[in-house]
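Colleague: I would like to learn how to read a model of this kind, feature by feature. Could you take me through it?

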Amino acid sequence: MQDMEEFPEDAPIRARLEKLLRTGLRTEAEPRAYDLEMQQSVLTRLQKVPAEEIAERIGIAGFTLHPYAAEGIEEACETCMYFLSHRQFCALPELMLPVRPEWSCRLWRI
């Protein structure tokens, strides 16, 4: 298994994402994409955004710097099925971004 240090290309991207979120980038954290129709809507929008348009992509995905709490469940990247813990990376094909375990987005899945 690879350690995070083996993915040095992720660090500057993760830092850029964090800076965007900390400096007030508005994201669509709600409504959450719990039903299939909303999931497909968000995914379709993401598919139309070029990979290099990071701010737009994390805005549509609704990223937050903290877990989202809903109905007694904390939704954090580290508990999402798309989270690669060894890399701290979101492997959702429409995102494919380095993240932090405590972040969240509206496409979170168990």
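This is a predicted model: local features need pLDDT of at least 70, side-chain atom pairs count only at pLDDT 80 or more; totals for chains, interfaces and linings use all residues.

Colleague: What span should helix H1 have, and how far apart are its end C-alpha atoms?

Modeller: Helices (H or I, at least four residues) and strands (E, at least two) are DSSP runs numbered from the N terminus, and the expected span of a helix is 1.5 Å times one less than its number of residues. For the 13 residues of H1 (residues 10-22) this gives 18 Å, and the end C-alpha atoms are 18 Å apart, which agrees. H1 is followed by Gly24, whose phi is positive, near 100 degrees.

Colleague: Which residues of H1 are buried, and which are exposed?

Modeller: An α-helix has 3.6 residues a turn, so residues three or four places apart point the same way. Taking buried as under 20% relative accessible area, exposed as over 50% and partly exposed as in between (1.4 Å probe, protein chains only), the buried residues of H1 are Asp10, Arg14, Leu17, Glu18 and Leu21. They cover an arc of only 95 degrees around the axis, judged by the directions from the helix axis to the C-beta atoms, which puts them on the same side of H1. Pro12 and Lys19, on the other side of H1, are exposed. The cover over the buried residues includes helix H3 (54-61), strand E4 (89-90) and strand E5 (97-98).

Colleague: How many residues does the largest nonpolar core have?

Modeller: In soluble globular proteins, nonpolar side chains tend to be buried together. A nonpolar core is here a set of buried Ala, Val, Leu, Ile, Met, Phe, Trp, Tyr and Cys residues joined through side-chain atoms within 4.5 Å. The largest has 22 residues, and those with the most contacts inside it are Ile58, Phe63, Leu95, Val99 and Leu107. H1, helix H2 (36-47) and H3 each supply at least two residues of this core, and its largest share, four residues, comes from H3.

Colleague: What is Ala61 in contact with, beyond its neighbours in sequence?

Modeller: Ala61 lies in helix H3 and is buried, with a relative accessible area of 0%. With contact meaning heavy atoms within 4.5 Å, and leaving aside neighbours within four places in sequence, Ala61 touches Leu46, Leu95, Cys105, Arg106 and Leu107.

Colleague: Where in the loops does the backbone call for a second look?

Modeller: The peptide bond from Glu30 to Pro31 is cis, with omega near 0 degrees, and Pro31 has its place in the loop between H1 and H2. Glu71, in the loop between strand E1 (68-70) and strand E2 (73-75), has a positive phi near 50 degrees although it is a residue other than glycine.

Colleague: Is Glu71 buried or exposed, and what of Gln88?

Modeller: Glu71 is exposed, at a relative accessible area of 83%. Gln88, found in the loop between strand E3 (83-84) and E4, also has a positive phi, near 50 degrees, but counts as buried at 16% relative accessibility.

Note on methods:
Residues are numbered from 1 along each chain as its sequence is written. Side-chain values use heavy atoms; hydrogens and water are left out.
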